[in-house]
Amino acid sequence: MKPIVQISLDLTNIDEALKTAEIAMKAGVDWLEVGTPLILAEGLHGVRKMREAFPDTPIVADLKTMDGGYLEAEMMAKAGATHVVVMARAHEETIKCVVQAGKDFGAKVMGDNLGCPDMVAGAKRLEDLGCDYVIHHIGYDERRGIAAAGNRMPSPLDQLKEVVKAVNVPVQAVGGLSLEQAIQCPEYGAPLVVLGAPLTIDADAFKTADGDLEGSLRLICEKVHAYGDVKI
């Protein structure tokens, strides 16, 4: 598939999120993500507002579903989300429910392996249960806690090639990547490049990062899109 650039709107204010999304779309970003902080702050209202503003753009609702899978996926899809996120550590019945809701309401399902003791096995489990995409994810708290203890901060790149090899669905790597690392993800066979905290969002304040955001995003999009098709 052709590489996709997704911006994660990890903000807590819908007005700022909409402004950031507009800048991102001008720069060539393909997908918009209503990040977890924005969903917590604005709920379905935030998803609806994003859909109203960008009627033809894929929208990922990162609710990180752990239970009540069918209802949560249904609500997000009806609000305008084209992609919903379920966690690998949820019960398999929850994952199955999200997958079924995705089929019933026209949303694709992204399975997130955050927190799995075996990240590769977690990714494979998500695919086996019907997820359309795998998010290979090292968590925010996990990264910061390990670093604060004086240890090397883990990176999704550590096992990205193994995850890509283990599944036959598109993979996205998330968690503490530098801009250079994010841009290189297609080289690992992961065509879904996500930009969020701390790349375009201030990870501590959860507000848009300072600087020339549009110019930076345009350069990133050009580099990612230049890869051409990525073999899945």
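Predicted model: local features only at pLDDT ≥ 70, side-chain atom pairs only at ≥ 80, totals over all residues.

The entries below follow the order in which I looked things up.

**Entry 1: aromatic pairs.** I searched for ring pairs and found 2 aromatic pairs in the structure. The Trp 31 and Tyr 133 pair is edge-to-face, with 5.8 Å from centre to centre and 90 degrees between the planes. I then looked up where the two residues sit: Trp 31 belongs to strand S2 and Tyr 133 to strand S6 (residues 133-137), so this pair ties together parts that are 102 residues apart in sequence. For Tyr 133 I read a relative accessible area of 12%, and it is therefore buried, the cut-off being under 20%.

I took the Tyr 70 and Phe 105 pair next. Its ring centres are 5.8 Å apart and its planes stand at 70 degrees, so I logged this pair as edge-to-face too. Tyr 70 is in helix H4 and Phe 105 in helix H5, and the pair links distant parts of the chain, 35 residues apart. Tyr 70 has 29% relative accessibility and counts as partly exposed. Phe 105 is also partly exposed, with a relative accessible area of 29%.

**Entry 2: Trp 31 on its own.** I went back to Trp 31, which is placed in strand S2 (residues 31-34). Is Trp 31 buried or exposed? Its relative accessible area is 7%, so I put it down as buried. Leaving out residues up to four places away in sequence, I listed what Trp 31 touches: Ile 4, Val 5, Gln 6, Ile 7, Thr 57, Pro 58, Val 60, His 83, Met 110, Tyr 133 and Leu 192. I also checked Trp 31 against Met 66, 35 residues along the chain, and got a C-alpha separation of 23 Å.

**Entry 3: H4 against H5.** Helix H4 (residues 69-79) and helix H5 (residues 92-105) meet at an angle of about 30 degrees, and their axes are 7 Å apart. Angles under 35 degrees count as roughly parallel, so H4 is roughly parallel to H5. The crossing of H4 past H5 is right-handed. On the H4 side I listed Gly 69, Tyr 70, Ala 73, Glu 74, Ala 77 and Lys 78; they meet Thr 94, Cys 97, Val 98, Gln 100, Ala 101, Asp 104 and Phe 105 in H5. By type, the residues of this H4 and H5 contact are 7 nonpolar, 3 polar and 3 charged.

**Entry 4: H1 against H3.** Helix H1 (residues 14-27) packs on helix H3 (residues 44-53) at about 30 degrees, with 11 Å between the axes. H1 passes H3 in a right-handed crossing. Ile 14, Ala 17, Leu 18 and Ala 21 of H1 meet His 45, Gly 46, Lys 49, Met 50 and Ala 53 of H3. I sorted the contact residues of H1 and H3 into 6 nonpolar, 2 polar and 1 charged.

**Entry 5: Ile 220.** Ile 220 and Ala 27 are 193 residues apart in sequence, and I noted 8.9 Å between their C-alpha atoms.

Notes:
Residues numbered from 1 in each chain as written. Heavy atoms only, no water. Helix = DSSP H or I, 4+ residues; strand = E, 2+ residues; numbered from the N terminus. Buried < 20%, exposed > 50% of the residue type's maximum accessible area, 1.4 Å probe, protein only. Contact = heavy atoms within 4.5 Å. Axes fitted to C-alpha atoms, helices over the stretch in contact; angles between N-to-C directions. Parallel < 35°, antiparallel > 145°, perpendicular 65-115°, else oblique. Left-handed = near helix turned anticlockwise from the far one by under 90°. Nonpolar A, V, L, I, M, F, W, Y, C, P; charged D, E, K, R; others polar. Phe/Tyr/Trp six-rings, centres within 6.5 Å; stacked < 30°, edge-to-face > 60°.
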